[in-house]
Amino acid sequence: MFKKSLLLVALCLGANAHQIVAQNVGTNKYEIKFWAHGTFESYASEQLIAANGYDENLNPIKTGIDYKFDKKDEIPSVLTAKVPAVMTSVYDAGYWVETDEGGSFVKGGKNSAKGVVYGQSRSLKIGKTYFSWNEKMLKPVGLDFEIVALSNPFTLKDGEKLPVLVLKDGKASANTKFEVGLHEDWDIKTNKFGIALIPVEKGLNVIAAKSAKSEFNDPNANKLLIQTSITFNRK
């Protein structure tokens, strides 16, 4: 029982502290970086599901992805028709399987796992990167699970708190928990109006809300873990 409890902890930790961040790498050229425990890691091109840019009025910008499937050592490039104020992306983090051998990401999910399986989940990451902010951005862009910054995150000082609104299917998501940067254990959650106050720091800020539900349509997982984040770089 003690060993199984440890494995359940590993199952929870394995999908956390991993988010996606959009970064400018050239004129109207961006990359979706996979942020994991404070560093950026490589990933397979097919894991990037979508990327979309929006202007300062939150109008969609024509956005395309160069997946570079023929270049195994390069991550995809995201190309936009003009400079975005906000960019969203969706990333498939894969399957996490817990067995009597431990917990790990397994390509193919439980059908490729060995040993006794205690739990299996699929993890999806939704990212929203702010490059600038204005009051028109108080509206959501329309993601199924979305965080909205309720004030300008770029003007806050270290330790000040950013009010955020969490929406799920367009409605306020109450009692939703967060992980903030590397702080997975902070007891922060939204109130009944879907609002929470999140401390900000200098540099890259990664604020993620967490959701989980049963999965009945995927033969390789029985739980779907979804995290949605906002990221911004405060100088």
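This is a predicted model: local features need pLDDT of at least 70, side-chain atom pairs count only at pLDDT 80 or more; totals for chains, interfaces and linings use all residues.
**Gln 19 and its surroundings**

Skipping neighbours within four places in sequence, I found Gln 19 in contact with Lys 33, Phe 34, Trp 35, Lys 125, Glu 179, Val 206, Ala 208, Gln 227 and Ser 229. I placed Gln 19 in strand β1, which covers residues 18-26.

Buried or exposed, I wondered about Gln 19? I count Gln 19 as buried, because its relative accessibility is 1%, and the cut-off for buried is under 20%.

Next I looked up its polar partners. The side chain of Gln 19 has a polar contact of 2.5 Å with the side chain of Gln 227. I also noted a side-chain to side-chain polar contact with Glu 179, at 3.2 Å.

**The nonpolar cores**

Then I went to the largest nonpolar core, which has 33 residues. Which members touch the most others? I got Tyr 130, Leu 162, Phe 178, Ile 207 and Ile 230.

β12 supplies the most, with five.

Beyond its neighbours within four places in sequence, Ile 230 is in contact with Lys 128, Tyr 130, Ile 147, Ala 149, Leu 162, Val 164, Asn 205, Val 206 and Ile 207.

Last, I noted a second, separate core of 14 residues, with Tyr 30, Ile 32, Tyr 43 and Ala 93 among them.

Methods:
Residues are numbered from 1 along each chain as its sequence is written. Side-chain values use heavy atoms; hydrogens and water are left out. A nonpolar core is a set of buried Ala, Val, Leu, Ile, Met, Phe, Trp, Tyr and Cys residues joined through side-chain atoms within 4.5 Å. Buried means under 20% relative accessible area, exposed over 50%, partly exposed in between (1.4 Å probe, protein chains only). Helices (H or I, at least four residues) and strands (E, at least two) are DSSP runs, numbered from the N terminus. Contact means heavy atoms within 4.5 Å. A polar contact is a pair of N or O atoms within 3.5 Å; within protein, one must be able to donate a hydrogen and the other to accept it, and residues adjacent in sequence count only if both atoms are side-chain atoms.
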